[in-house]
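Open your viewer and get the selection tool ready. We'll go from one stop to the next, and I'll say what to pick each time.

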Amino acid sequence: MGRLRRVLVRAGLAFAVLLLVATGAGVAWLDGRIRAYLAGPPLGATRIYAAPLVLTSGGRVPGGSLVRKLGRLGYRAVAGTAPLAAGEFRWHGDTVDLVAEPSPEPWATGPRRARVVVRDGVVTDLRELEGAPLERFELEPEVLAVLGREGPALGAGEDEAPPICRAAVFAAEDRNFLHHPGVDPIAIARALLADLRAGAPRQGGSTLTQQLVKNTFLSPRRTLVRKLQEAALAILLEVRTTKEEILRRYLASVYLGTDGDVPIHGFAEGAQVYFGEPLPELGPAECALLAGLIRSPNGLAPRRYPRAALARRNRVLAGMAEEGVLDAAASAAASREPLRLAPPRVRSVAALYVAAEVAHLLPELLPPRFAQAPGLSVFTGIDVDLQHEAERAVRRGIDRLEEGRHRRQPLQAALLALDPQSGRVRALVGGRDYGSSPLDRAMRARRQPGSAFKPFVYLVALDPSRRPDVPARTVVSPLEDEPITIELAGSGVWRPANYDGEFAGTLPLEDALAGSRNAATVRLALDVGLEAVQRAAVDAGISSPLPQVPSLALGVAETSLLELTAAYGVFADGGVRRPPALIVAVTAGTGETLYAAPSEETRVLTPGVAYLVTHLLERVIDTGTGKSAREAGLEGPAAGKTGTTDDTRDAWFIGFTSDVVAGVWVGRDDHQPIGLTGAQAALPIWTDFVRSASPGGPAASAFPVPDDIVWRDVDPTTGLLATAGCPETRHEPYLVGSEPRETCDQHGGGLVAVGEEVGEAVRDGGKAIESVGRRVRDWFGRLFH
């Protein structure tokens, strides 16, 4: 027995030691999660930032209003003459004095104190507060959204809650919050007694701290193990930080129901959604309503269940009176107030598409232990103002298209905008509404682009390097838009027709693309070779499969809006391909840079060839299938192409100015016809976006003319130098060496109007000024020849 006793004692001691070690390891693990959580935002593990606001002397203020921008960033307007602190500004007339907050970007440098004079949306004077002039001034980036345990969420506001709201939360959820260590034995006993009396669980005993750790770390399943973890995490959180920080995080993240299909997190967001007011301006009745929602946000939703919400609000007000926060008269007065809810409004939620795409990309860019770590900061190239304009344009465009129409399934639309000089994504809208349909149709869906693919056919025809064995065309080379029959291997014949059912006969190459003539385009593709067409599209950045079949010329190969928009960016940037980038950089909670997007660029076209394609696409908007953009008020240089697939299942428009490349797709998720062309469905959304994205119109400057381009006045029917007798004269660009040298002899009329070219150079301004030296040399050469 003695030996057995010794064995049992040793076994017991060993078990106790193992239990202590396991407990210690478990506590250490939980403590690590708490510390990581405190390094990140209240609502999620990862903050996603927009691009910073950069002010430049002589430049426009993005969004038009600097004061409104500062308000969105949470800056405080102050009066008087006292020195400004970080996050404060003083506004008098056209002048704004400000002191910027520290930037979350570890690499951010430059002055943080500035005086900005803004007139008519333009920065007319920019200098340090001490007086030294500045070329640029950078404000910290806005938080777009966050990634948490439940996925993407809008960045919950962190406005400081007024004392009355804090008191309402204490009265509703945790009256002993300021005194317990994270768990409240008295509240647990009270809840247990209430449950026993009711014969079923009726009252919760969780403190605010327990609710916070439960919502942040744990599953909703009610088990003993989860309850023990909840208690341990709550105590550790109280040890690691202050009551004030716990309350701040709770008020910034607590779930308060849904707005449509989008969750509402935090009192600041709840104040805007339910009352249309900033959180600091709420009174006792409003604060009590929000606090009352915490227990059952969906069951007490005030717009759906106003009586239940009102009754719960009044119980909270009574509790506030019991606690001495409100006197009896104030509590009674607040209880008599009716529900004063703001009308439902459309919230800007498209940033959730950005957040969802970031969630897709992080595991591709970072090792798992970093991608899943809390406290990450993800910096994007998203322009907040462009993002809002993109979402508004999509919403208005869909409403216009659906007005008076009954559809079994709603239309969907997507918009993507890129910076042509960097490839960074500036705006992303993946659908009509993230809450009801989170599929990102801009980045993750593939559809047939239809005629929006045609520029790659014309690119091959204009680029002499792609088919040295085939004579290169010019922008006015003749094409035949006549019926054509193509025998398909083992599947009969194909007779491509034009959308209008008619054929135009012989016409200049630029007119064939402007009018989106299918038969002419297929003839051209077969002439230059389908392999060359495929290679041109791949060079521009399209990585989706591109079968070498005749219908490739008309866009039967599926691609994404991202791929096609980025490929058009090659034309916009003078022949340079830049991979599109949503994420610019990622940093850890410590500030360490974990990822920085590489600066990649590859020249795939000569500047001259890129310019010729741009010229063709300008003509689409000026005279072709995209001319309704001009009729809608689009001003300034712009280029693009419509796209419509068979049976009108997909409608596209991809286009660019010198500032932005943007693509729009409209269709249905079930691939059923929408009965609308690209010009009818996608182009109006694109036009609306581009016009509002550039106050005063798109880029004021023309697309720059490269040195390998010369201009000539030609007869478009012959392609020869025009004479006074030609019925039509066009001023056209040519690659150096491909320009016509002979005079049109079909219309009579004598000498070429060489002198008129000087006037054209002056009238064309930016288009001709860059090549004026070569043109003067050509004039003299022709004169003495």
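How far apart should the ends of helix α12 be, given its 15 residues at 1.5 Å a residue? Select residues 351-365 to find out. Bear in mind that this is a predicted model.

Next, look at what α12 lies across: strands β1 (46-49), β9, β10, β13 (376-380), β21 (583-587) and β22. Against β9, the helix runs at about 55°.

Now show those strands as a cartoon. They form an open six-stranded sheet with mixed pairing, in the order β10-β9-β1-β13-β21-β22. The edges are β10 (151-154) and β22 (593-596); each has a single partner strand, so one side of each lacks a neighbour in the sheet. On average, neighbouring strands here are turned by 20° against each other, direction ignored.

Strand β9 (residues 143-148) is antiparallel to β10, and four bridges join the two. Pick Gly 148 and you'll find its bridge partner, Gly 151, in β10.

Last stop: the largest nonpolar core, with 133 residues. Leu 362, Phe 456, Val 666 and Trp 686 touch the most other members. Click Val 666; leaving out residues up to four places away in sequence, its contacts include Leu 401, Ala 413, Ile 674 and Ile 685.

Conventions: Residues numbered from 1 in each chain as written. Predicted model: local features only at pLDDT ≥ 70, side-chain atom pairs only at ≥ 80, totals over all residues. Heavy atoms only, no water. Core = buried A, V, L, I, M, F, W, Y, C linked by side-chain atoms within 4.5 Å. Buried < 20%, exposed > 50% of the residue type's maximum accessible area, 1.4 Å probe, protein only. Contact = heavy atoms within 4.5 Å. Expected span 1.5 Å × (residues − 1). Pairing = 2+ DSSP bridges. Axes fitted to C-alpha atoms, helices over the stretch in contact; angles between N-to-C directions.
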